[in-house]
Amino acid sequence: MAVLPIAKVGHPELRIRAKEVTREELASANVQTFIDDLIETMRHANGAGLAATQVLRHQRICAVEVRDNPRYPYKPNIPLTILVNPVLTPLDDDKFENYEGCLSVPGIRGLVLRNTRIRVQAWDRRGNEINEEVRGLKACTYQHEVDHLDGLLFLDRVLDPMTLATWEAFDEFHKSAFVERVTALVAKHGS
Ligand code: NI
């Protein structure tokens, strides 16, 4: 396994739409090794998720995992999940204003509107079907990762550039109010 370099905002390849993965590709040693590397890279960087696009591999694969994450101490844990060819469908119009950060946008956070109830249809790394409802902050994380596969960054979705903040300024001026809102979201949706 290997820790891969993560591309940062401004890298043109972050804007590429990743290609669907075939079952044959997914079963290959090459792609399976890549998935191991994606997981290792995400964990090494303390990410809550990482999309293949961010390590300049343009296949529709992303990883999500939250294990007492020091970058996002308010995030409930999410078991390691690999999504291959994910398709997300909003289940209602309920939205949450989420303060997001990204390993490809070092140092900056901003407020993004996300759906709070979505259906995710995908394969896991073995090609088994995933078809489930995802809610709350976990749903926000999924939307952030799938955006990467479409060449989008959270910066593209920021509601108002005036919400942009360094992590230090977030902690000082925005964190306590945000954690209050997140706590209510998690209480409502269980994740
Ligand atoms: Ni990101």
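A pocket, in the sense used today, is an open set of grid points with protein on both sides within 12 Å along at least five of seven lines, and its lining residues have an atom within 4 Å of a point. Good morning. With that term in place, I shall present this structure, which is a predicted model.

I begin with the largest pocket. About 260 Å³ of space lies in it. Its lining is made up of 17 residues, and those nearest the centre are Leu 88, Gln 143, Val 146, Asp 147 and Asp 150. Strand S3 (78-90), S5 and H3 are the elements that each give two or more residues to this lining. Which of them gives the largest share? The answer is S3, with five residues. By class, the lining of the largest pocket comprises seven nonpolar, three polar and seven charged residues.

Asp 147 belongs to helix H3. Is Asp 147 buried or exposed? Its relative accessible area is 6%, and because buried means under 20%, Asp 147 counts as buried. Apart from neighbours within four places in sequence, Asp 147 is in contact with Arg 114, Leu 152 and Arg 157.

The structure holds one cavity of 30 Å³ or more. About 170 Å³ of space lies in the largest cavity. Its lining has 20 residues, with Tyr 72, Lys 75, Gly 101, His 144 and Glu 145 nearest the centre. Here the elements that give two or more residues are S4 and H3. The lining of the largest cavity divides into seven nonpolar, eight polar and five charged residues.

My last topic is helix H5, residues 167-189. A straight helix of 23 residues would span 33 Å, whereas H5 spans only 26 Å between its end C-alpha atoms. Where is the kink in H5 centred? It is centred on His 174, and the kink is about 70 degrees.

The buried residues of H5 are Trp 167, Phe 170, Phe 178, Val 182, Leu 185, Val 186 and His 189. In an α-helix there are 3.6 residues a turn, so residues three or four places apart point the same way. The elements against which the buried residues of H5 pack include strand S4 (95-102), strand S5 (105-115) and helix H3 (136-149). Just after H5, Gly 190 takes a positive phi of about 80 degrees.

Thank you for your attention.

Note on methods: Residues are numbered from 1 along each chain as its sequence is written. This is a predicted model: local features need pLDDT of at least 70, side-chain atom pairs count only at pLDDT 80 or more; totals for chains, interfaces and linings use all residues. Side-chain values use heavy atoms; hydrogens and water are left out. Helices (H or I, at least four residues) and strands (E, at least two) are DSSP runs, numbered from the N terminus. The expected span of a helix is 1.5 Å times one less than its number of residues. The bend at a residue is the angle between axes fitted to the seven residues ending there and the seven starting there. Buried means under 20% relative accessible area, exposed over 50%, partly exposed in between (1.4 Å probe, protein chains only). Contact means heavy atoms within 4.5 Å. On a 1 Å grid over the protein atoms alone, a cavity is a set of points where a 1.4 Å probe fits but cannot get out, and a pocket is an open set with protein on both sides within 12 Å along at least five of seven lines; lining residues have an atom within 4 Å of a point. Grid points are joined across faces, edges and corners, and a volume is the space filled by probe spheres set on the points. Ala, Val, Leu, Ile, Met, Phe, Trp, Tyr, Cys and Pro count as nonpolar, Asp, Glu, Lys and Arg as charged, and the others, Gly among them, as polar.
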